[in-house]
Amino acid sequence: GYCEAVTDEGLRALASVTALTSLNVEHCKKVTDEGLRALASLTALTSLNFGSCRRVTYEGLRALTPLIALASLNLHACNLQRLPQHADGLKALA
């Protein structure tokens, strides 16, 4: 099922947990690009799962570029149809 409880506000609350290495918000339909932007300070993150977070777009991916330790990123079933126009969001993560 889908998660109704996790929101962008909840992700903002995690911004101070700088030792966090893994985060799974799969199926959290209230998470948006704003939530991704809130995670930019979590540079210890090595694994992020945003699978089926349909309000996540390439715009939000750009905010993840400071996450240089990130080794695993699941974006399955996110709203990522506009690849050619916003591909720089992914190139920065590569």
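Tutor: The model is predicted, so local features need pLDDT of at least 70 and side-chain atom pairs count only at pLDDT 80 or more, while totals for chains, interfaces and linings use all residues. Residues are numbered from 1 along each chain as its sequence is written, and side-chain values use heavy atoms, with hydrogens and water left out. A salt bridge here is a side-chain nitrogen of Lys or Arg within 4 Å of a carboxyl oxygen of Asp or Glu. By this rule there are four salt bridges. Glu4, Lys29 and Lys30 are linked in a network. Strands (E, at least two residues) and helices (H or I, at least four) are DSSP runs, numbered from the N terminus. Glu4 also meets Lys30, at 3.9 Å, N to O. Because Lys30 lies in strand 3 and Glu4 in strand 1, that pair ties together parts 26 residues apart in sequence. Buried means under 20% relative accessible area, exposed over 50%, and partly exposed in between (1.4 Å probe, protein chains only). Lys29 is partly exposed at 40%, as is Glu4 at 40%, and Lys30 is partly exposed at 36%. Another salt bridge joins Glu34 and Arg37, with the closest N and O atoms 2.7 Å apart. These two residues are three apart in helix 2 (residues 33-38), a separation of about one helical turn. Glu34 is partly exposed at 40%, and Arg37 is partly exposed at 35%.
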